[in-house]
Amino acid sequence: MSFAEFNSVNCSSQTMINLMVQLGNPAIGQYKTVVISGAAGSGRKTLALHLKKMYGALASYEIVESAELSIIEDQKIYICQDMVDVKTDKDILVIQMPSLSERKEDLIALAEFHIQVHALMNGKGRIMISEKAKEKILAYGWPGEFPELERVMEQAVNACEKNVIEPEDLALTEVNRDLQFSVGLKLENVERQYILQTLFFAQQNRTKAAEILGISIRTLRNKLNQYRQEGYL
């Protein structure tokens, strides 16, 4: 099995292996701008610092963090969750960080990493994960992405006994994906409820919500601005 080390974690998912291979391309140092897009906790900042250290031409680039990206300037490394109305060209390198659902092979390694970090912070010894707890971690959908994984592992560290995490120590809450609509609702009300519920399910990740809804990020942004003006947000 192949591995790629990233952020102190040995990754075996093909998406991360492919990403690390891509980062080894010397041509990366020739780009005028770099955009790193992905969910919070996916390693965007770590990757930005790695690029600055690895490629001398990027060392002076400023790291800019933004929830939404709409304007791009030269000699900057942008960290964002969503790219809105951005036109890219051959001088702009766009790196999409894999989501947690794309890194299922890395789930246990990531969980163990967070567990040991929080165990160290709380003055505890090495904490293990039981096989049944691993099965529960792998079976869960993790709609909250990386922040949810870290939060659940931190809670498990505090809840476990004898330095072994068991299934009951994992506070996992499945999001209810079922929506119920009453007959007589206007179509615009049904649409608004569906869009807002999908955004909640996607943990406010607009890119993921737009993909689920089958609409563009621009359309989703316009809808949210409309709901904000109408007082629903």
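Lys45 has a relative accessible area of 39% and is therefore classed as partly exposed, the class between buried (under 20% relative accessible area) and exposed (over 50%), computed with a 1.4 Å probe on protein chains only. The model is predicted, so that local features need pLDDT of at least 70 and side-chain atom pairs count only at pLDDT 80 or more, while totals for chains, interfaces and linings use all residues. Residues are numbered from 1 along each chain as its sequence is written, and side-chain values use heavy atoms, with hydrogens and water left out.

**Salt bridges**

- Side chains of opposite charge can pair when their charged atoms come close.
- With a salt bridge taken as a side-chain nitrogen of Lys or Arg within 4 Å of a carboxyl oxygen of Asp or Glu, the count comes to eight.
- Lys45 pairs in this way with Glu65, with 3.5 Å between the closest N and O atoms; the two lie 20 residues apart and link distant parts of the chain, Lys45 in helix α2 (residues 44-54) and Glu65 in strand β4 (residues 62-69), where helices (H or I, at least four residues) and strands (E, at least two) are DSSP runs numbered from the N terminus.
- Glu65, at a relative accessible area of 53%, is exposed.
- A salt bridge at 2.9 Å, N to O, joins the side chains of Glu191 and Lys223, and this pair links distant parts of the chain, 32 residues apart, from helix α6 (residues 187-201) for Glu191 to helix α8 (residues 217-229) for Lys223.
- Both partners are partly exposed, Glu191 with a relative accessible area of 33% and Lys223 with 21%.

- Asp91 is partly exposed at 24% relative accessibility, as is Lys32 with a relative accessible area of 41%.
- Salt bridges link Lys32, Lys90 and Asp91 in a network.

**Nonpolar cores**

- A nonpolar core is a set of buried Ala, Val, Leu, Ile, Met, Phe, Trp, Tyr and Cys residues joined through side-chain atoms within 4.5 Å; the largest has 43 residues, and Ile36, Leu51, Ile95, Trp142 and Met153 have the most contacts inside it.
- A second, separate core has 10 residues, among them Leu199, Ala202, Ala210 and Leu224.
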